[in-house]
Amino acid sequence: MADWLSSVSYGPIPGLLTELRAAWPPRAAAETSGYTTTDLGAAEPIAVLGLTDRLAVAIAARPEGSFAAVPVVRDDPWRQAIAGDGLSAFVAGLPLASERSIGTDQTNESIVVGERVIVKWFRIVGPQPSRAPIVAAHLESIGFRETPRPLGTVDWLAPTGEALTLAQGDAYLAGARDGWDWCVERLERHVAHESAPCPADCDPWIGGRLGLLVARLHAALRQPSAVITEPAGVADGSDVRRWHAAAISTLDEALRLSEADPSGRELLAAVGPGMRADIDRLVACESIAIQPVHGDLHVGQVLEWPGGLAVIDFDGNPALAAAANELRQPAERDIAQMASSLDHVGRIVDERTTGSRHQIVDEWVARTRGEFVAELDADRALLAAFEVEQECRELIYAARFLPRWRYAPLATLRARYRG
Ligand code: ADP
Ligand code: MG
């Protein structure tokens, strides 16, 4: 396996920071497969990790104590690095290996090195230490194997004294597809050939299998390790009130943002009271167990590959503020989000389905969701409240970034509250 270089400290390269400042902001390469950064703005780099004399990672300060990490390559004078420049191959300890970008639609930038290692570069880091390496190290020490093997990280010591992870390397699982592919495909094939038996590798009844996987993941997250010595805890009344207030404000925000969309407005006017009542069920919940959770658990985070299933991406939900990304939360958070995403798999397929086949999708959603939840020991009131909050988060995400996604949470809410 790769000889990951995170343990090597990258010493200061004299004059590099001054040189980079003079070339700031680094131009983007003509190709699109760059380690694209968000709003570099005018902020100058405050630090630089010099890897070699031509490869570096510049760090620029952003508002609210976070930092933009910008992989750069010397190219008369410096530009943003792209796959093929050798930066990820270098940190993975495979300097001669190939590099390719994994494609679009990611929060961060992942580069596959030599088809053996995947290096994920975080675009924005801090101020809190990154969640993913802590969870990955914990799972590794517990011996949880249903996640790609973590190989190492590239860390930067921020002025605050926090070690912030700029990049994380994992074993690359060849042939892996994420759940928005493999779950959707299974349901599509089921809908197309409902009466014909599905081949074993395309069994549409995935709920129980996913439920057992999440149960094993949560059991591993709950075990003490040298990394997380006291994983399990109990939430008190003030935590519950905080979750309740956050869920209500998420609901209100979703309702407000949906005002502009006539179909959404009408549906939400009808189902809003039921949603609010489910969130209010939180108030009566007491002594709720908390533990480290995945933090952004949807079907897209479950890869299917020839070795089985693998859970990835423990970085939390990038669309949420730090408080909503706390490491320790009720396991029902993850369960609600996964249940909601299974429902959305149904809605995606339903959009492409006609006539009487809608019923097949509805039955699949009900059975799959039921079989998933049946494998988990979830508090029903918590689950209902968090599921509503999750649909509201999806509506907010759709309103802000992806209007064409709105149909999925709306269809889920319509099915749940209008029957
Ligand atoms: P992001 O934080 O950008 O969502 P992810 O860690 O979820 O990044 O990875 C993005 C995509 O990269 C995944 O959906 C999957 O297709 C692919 N991927 C991630 N890790 C691996 C891996 N270890 N092996 C194979 N593919 C992977
Ligand atoms: Mg992801």
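## Notebook: looking around a predicted model

I looked up D313 and found it in the loop between β15 and β16; strands (E, at least two residues) and helices (H or I, at least four) are DSSP runs, numbered from the N terminus. I note that this is a predicted model, in which local features need pLDDT of at least 70, side-chain atom pairs count only at pLDDT 80 or more, and totals for chains, interfaces and linings use all residues. Residues are numbered from 1 along each chain as its sequence is written, chains are lettered from A and ligands numbered from 1 in the order in which they are written, and side-chain values use heavy atoms, with hydrogens and water left out.

Which residues coordinate the magnesium ion (ligand 2)? I found Q301, through OE1, and D313, through OD, at 2.3 to 2.7 Å.

I then asked whether each of the two is buried (under 20% relative accessible area), exposed (over 50%) or partly exposed (in between), with a 1.4 Å probe and protein chains only. Q301 counts as buried because its relative accessibility is 4%, whereas D313, with a relative accessible area of 22%, is partly exposed. D313 also has a positive phi of about 65 degrees, although it is not a glycine.

Most residues other than glycine have a negative phi, and most peptide bonds are trans. I therefore noted D76, which is not a glycine but has a positive phi of about 55 degrees, and which is exposed because its relative accessible area is 71%. A cis peptide bond joins D76 and P77, with omega about 0 degrees, and P77 lies in the loop between β3 (67–74) and β4 (78–80). Another cis peptide bond joins W24 and P25, with omega about -10 degrees; P25 sits in the loop between α1 (16–22) and β1 (45–50).

In soluble globular proteins, nonpolar side chains tend to be buried together. A nonpolar core here is a set of buried Ala, Val, Leu, Ile, Met, Phe, Trp, Tyr and Cys residues joined through side-chain atoms within 4.5 Å. The largest one has 54 residues, of which L139, L210, W243 and F372 touch the most other members. The largest share of this core, 8 residues, comes from α8. A second, separate core holds 30 residues, including L55, A83, I111 and V154.

I also listed what W243 is in contact with (heavy atoms within 4.5 Å). With neighbours within four places in sequence left aside, the partners of W243 are A235, L282, I288, I290, P330, R333 and F386.

A cavity is a set of points on a 1 Å grid over the protein atoms alone where a 1.4 Å probe fits but cannot get out, while a pocket is an open set with protein on both sides within 12 Å along at least five of seven lines; lining residues have an atom within 4 Å of a point. The search of the whole structure finds 2 cavities of 30 Å³ or more, and about 70 Å³ of space lies in the largest cavity; grid points are joined across faces, edges and corners, and a volume is the space filled by probe spheres set on the points. Among the residues that line the largest cavity are V293, G295, Q337 and Q390.

Where does Q337 lie? Q337 is in helix α8, and it is buried, with a relative accessible area of 6%. Leaving aside neighbours within four places in sequence, Q337 is in contact with G295, D296, L297, H298 and Q390. Helix α8 gives the largest share of the lining of the largest cavity, 3 residues.

Key: Donors = N, O, S within 2.8 Å, 3.2 Å for Na, K, Ca; no water.
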